[in-house]
Amino acid sequence: MAASIFEYIYNKSPLFLQNFIISAYGISIYKSRYSGNHDLYLSQLMKEQYLSKEVIQENINKKLRNIIAYSYENVPYYKNLFNKLNLRPEDIKTTDDISKIPILEKETVRTQPEELISRLYNKKNLLCINTSGTTGKTMKIYVDKDSRRFSYAFYTRLKKWAKVGNGKNITLAGRVFIPPKQRHKIFWRYNAIMNNYLFSSYHISEENIPYYIEKINKIKPEFIDSYPSSIFNIARFALQKGLHIHSPKAIITSSETLLDHQREIILKAFNAPIFDQYGSAEQVLFISQCEYGTYHIHPEFGFVEIIKNNNNEAGEVIATGFTNKAMPLIRYRIGDTVIMGEEVCECKRNFPIIKKIIGRVDDMIITPEGNYVGRLDPVFKGLSTIKNAQIVQEKLEHVVVNIVPAEDYHNDDGQVVVKELKKRLGEKMHITINVVSDIPLTKAGKFRSVVSHLSGRLNQGLNEID
């Protein structure tokens with residue numbers, strides 16, 4: 001009730017007051033990410049990034065032994081698992097021994113989150129992150145304050161790789177902050193605390209993109225942090241229409257797979273280096289590009305295994321996080337695949353190299369207004385009554401949401417999904433909830449959380465750009 005009242009007040013407030021509200025909220029966000037031990041962690045990370053391969057491996061083994069011993073002593077799930085398998089923490093001495101521990105599946109995390117919380121923490125004092133990811137299944141991930149700041153120290157290190165700091169910046173991501181009945185063409189709000197302009201990723205269309213470009217040129221941001229699909233659509237439009245667009249020092253992309261054709265168009269339009277980042281809400285791994293464009297696994301964040309099937313070049317990602325002491329996840333199956341690289345990077349960091357990220361490719365939805373909307377999984381966040389979900393667009397004005405319900409599912413939960421989708425897809429979109437017993441996988445064994453039979457239209461015009 002309090003959240004709905006706050007949303008009502010925000011939506012009814014004038015623009016200057018909305019900016020004030022977002023800035024006030026920004027104080028809390030800044031403290032949760034960058035206060036406490038953040039700077040200490042960052043200093044350590046900056047010192048450790050040029051260690052030798054041998055020292056890095058020694059550190060990984062040490063962190064692995066520590067997190068396993070800690071989990072056995074403090075986390076009920078691992079205590080029971082080890083005892084059942086007749087394992088002891090001292091049986092895992094190096095990364096070569098980790099295969100003795102079974103892989104942790106998403107379904108286990110989804111159904112037994114409290115068993116995975118360390119008894120050293122009170123759940124009431126932890127930050128709960130609701131995530132659904134590309135699987136469409138909602139999960140609760142618990143993080144303590146210090147661990148969250150530790151994880152953001154990696155993002156700050158990435159910013160240093162990109163040679164950007166705390167100057168004006170733009171974020172294009174899946175946040176809803178534009179009132180549904182707004183009439184003016186102002187699709188951004190300002191967080192003064194973090195010098196950050198929040199741009200809506202849900203209003204990007206041929207009609208609206210000129211306003212985005214005009215504002216970007218006026219702000220002249222130091223860097224832009226965006227979903228690949230959002231900044232790609234702006235870049236493509238600018239090139240097609242011959243529009244000038246400001247070149248920031250860097251563009252940081254995340255949360256979706258950055259496709260090759262998207263990278264090419266973004267680079268051509270913005271004339272700025274791209275630093276793609278790949279992480280997870282489960283806080284088990286951090287992968288990013290360095291200044292030479294190489295994808296590196298950040299070894300201080302967690303240990304990443306790549307498990308190949310048969311003789312395939314690509315392998316499945318299994319990760320063990322080192323940063324989250326409140327809810328440590330050991331040998332967690334991310335659900336994505338990558339191709340490892342063996343070359344040595346010019347940046348001289350001896351971090352493991354990822355040649356290509358295969359996973360996390362979702363279709364996009366085209367709204368009746370012509371907006372291109374991707375990354376719709378936030379609409380399912382917090383809805384533990386939904387076991388699985390898939391969004392299917394058959395027609396321009398019609399979307400079907402297939403829902404596999406849990407036992408406590410209620411029709412009202414479906415209406416929450418409808419409400420959240422309409423915030424992103426607009427009131428003209430007709431949304432049908434279809435409760436099903438199962439959602440089939442593709443022939444390749446993959447789950448598609450978004451299926452758009454209109455998505456081919458997104459590629460129209462690409463060949464028109466020289």
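Which helix holds both E420 and K423? Both lie in helix 11 (residues 411-425), three residues apart, about one turn of the helix. Helices here are DSSP runs of H or I with at least four residues, strands are E runs of at least two, and both are numbered from the N terminus.

This is a predicted model, where local features need pLDDT of at least 70 and side-chain atom pairs count only at pLDDT 80 or more, while totals for chains, interfaces and linings use all residues. Residues are numbered from 1 along each chain as its sequence is written, and side-chain values use heavy atoms, without hydrogens and water.

E420 and K423 form a salt bridge (3.1 Å, N to O); the term means a side-chain nitrogen of Lys or Arg within 4 Å of a carboxyl oxygen of Asp or Glu. E420 is buried at 18% relative accessible area, and K423 is partly exposed at 23%. Buried means under 20%, exposed over 50%, partly exposed in between (1.4 Å probe, protein chains only). Shared partners join E7, E420, K423 and R424 into one salt-bridge network.

Twelve strands form an open sheet with mixed pairing, in the order 4-5-3-6-7-8-9-10-14-13-12-11. Two strands pair if DSSP finds at least two bridges between them. Strand 4 (188-191) and strand 11 (302-308) stand at the edges with a single partner strand each, so one side of each has no neighbour in the sheet.

Strand 11 also holds E305, while R331 lies in the loop between strand 12 (315-321) and strand 13.
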